[in-house]
Amino acid sequence: STSFAQPAKGQVATATKTKKPKRVGILIFPDVEVIDFTGPYEVLSRAFEDGEPVFEIVTVALTPDVVHTAPDNKGMAITPNFTFANCPDLDLLIIPGGTVRDVTESDTYQSWLKAQSQKVECMMSVCNGAIPLAKAGLLKGLKVTSNAFALKRLKDMEPTCEVVRDKRFVDNGKVVMTGGLSAGIDGALHLIDR
């Protein structure tokens, strides 16, 4: 059974490892919104099954340089675990929101997102992290949600999508999308449930 508590002292050492944890990559970039990536990080890092972690979580950035979060988050400094160049294979990829202009407009980010979409089991956007997915053409015909201010832009960018306004997350199978800020926590709980 899956639990959210820390395993009892010594439990991990004595448990029989039945399966490898799923590797979750969280994309971080300049001016990323803190709760958009830390909420899912916190939830997924506390999921255990039979005393073993369900997920291994890593942060991924374009370069190895320290990434500073959005200024309204006091510019928290994060050192990524991996870069696009040395990122290991991922099972899931989380794209948080924030100032997503570079992630949306940069060919390097867009190429990486498209490549990851072919490799991962699931991608999850949080808040306006949906915008880069729309730009990459990954939302065709899907149900989409985001923060309220991004919904019109999503529809303009991908006219085939169906905007969902009354749900904290929507699950399209390969692509899960969440509303703004704390809705990423709901999305992470849903990934555990899946």
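# Serines, cysteines and a core

Reader: Is Ser117 buried or exposed?
Author: This is a predicted model. Ser117 has a relative accessible area of 7%. Buried means under 20%. With 7%, Ser117 therefore counts as buried.

Reader: In which helix is Ser117?
Author: Look at residues 107-119. They form a helix, and Ser117 has its place there. The helix is H4.

Reader: Which backbone oxygen does the side chain of Ser117 reach?
Author: A polar contact needs N or O atoms within 3.5 Å. The side chain of Ser117 comes to 2.6 Å from a backbone oxygen. That oxygen belongs to Lys114.

Reader: What is the relative accessibility of Cys122?
Author: Cys122 is in no disulfide. Cys122 counts as buried, because the cut-off is under 20% and its relative accessibility is 1%.

Reader: Which residues touch the most other members of the largest nonpolar core?
Author: This core has 57 residues. Strand E5, residues 55-61, gives the largest share, five residues. The members that touch the most others are Leu27, Phe55, Trp112 and Leu139.

Reader: Which cysteine does Leu139 touch, not counting residues up to four places away in sequence?
Author: Leu139 is one of the core residues that touch the most other members. Its contacts include Ala130, Leu133, Val144 and Met177. The list also holds Cys161.

Reader: Which backbone nitrogen does the side chain of Ser146 reach?
Author: The side chain of Ser146 reaches the backbone oxygen of Cys127 at 2.7 Å. It also reaches a backbone nitrogen at 3.4 Å. That nitrogen belongs to Asn128.

Reader: How many Å apart in space are Ser146 and Val66?
Author: In sequence, Ser146 and Val66 are 80 residues apart. In space, C-alpha to C-alpha, they are apart by 27 Å.

Methods. Residues are numbered from 1 along each chain as its sequence is written. This is a predicted model: local features need pLDDT of at least 70, side-chain atom pairs count only at pLDDT 80 or more; totals for chains, interfaces and linings use all residues. Side-chain values use heavy atoms; hydrogens and water are left out. Helices (H or I, at least four residues) and strands (E, at least two) are DSSP runs, numbered from the N terminus. Buried means under 20% relative accessible area, exposed over 50%, partly exposed in between (1.4 Å probe, protein chains only). A polar contact is a pair of N or O atoms within 3.5 Å; within protein, one must be able to donate a hydrogen and the other to accept it, and residues adjacent in sequence count only if both atoms are side-chain atoms. A disulfide is a pair of cysteine sulfur atoms within 2.5 Å. A nonpolar core is a set of buried Ala, Val, Leu, Ile, Met, Phe, Trp, Tyr and Cys residues joined through side-chain atoms within 4.5 Å. Contact means heavy atoms within 4.5 Å.
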